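Visitor: I would like to learn how to read this model. Please take me through it one feature at a time.

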Amino acid sequence: MPTTNEPRISPAVVVRALSARFPGWTIWWGQATTHYWGMFRRPDGLLVHIEARSAQEFVQRAREMDTRASRGPA
């Protein structure tokens, strides 16, 4: 948890960085939930979404989804 001496990074800046890292995704910060949200369309046309409490969790979950999508349907 950041202390008062550490700078706080704006969620908008984090969303821009995540969007650059995952260009096929639509990503946003939910002010009411204070979570990161994202969705993308798989190659089979299914629209999927994730919710994450942190940017690190978002990256992990998005990578998992991208890996699954690249393998095709289970």
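Guide: Start with D44: at 45% relative accessibility, D44 is partly exposed. Buried means under 20% relative accessible area, exposed over 50%, and partly exposed in between (1.4 Å probe, protein chains only). This is a predicted model: local features need pLDDT of at least 70, side-chain atom pairs count only at pLDDT 80 or more, and totals for chains, interfaces and linings use all residues. Residues are numbered from 1 along each chain as its sequence is written, and side-chain values use heavy atoms, leaving out hydrogens and water.

Visitor: Which residue forms a salt bridge with D44?

Guide: A salt bridge is a side-chain nitrogen of Lys or Arg within 4 Å of a carboxyl oxygen of Asp or Glu. Here the partner is R42, with the closest N and O atoms 2.4 Å apart. R42 is partly exposed too, at 24% relative accessible area. A search of the whole structure finds one salt bridge.

Visitor: How is a pair of aromatic rings described?

Guide: By the distance of the centres and the angle of the planes. Rings of Phe, Tyr and Trp (its six-membered ring) pair if their centres lie within 6.5 Å; planes under 30 degrees apart are stacked, over 60 edge-to-face, the rest tilted. This structure holds six aromatic pairs. One of them, F22 with W25, is edge-to-face: 6.4 Å centre to centre, 70° between the planes.

Visitor: Are F22 and W25 buried or exposed?

Guide: Both F22 and W25 are buried.

Visitor: Which residues form one aromatic cluster?

Guide: F22, W25, F40 and F58. Of these, F58 is buried at 0% relative accessibility.
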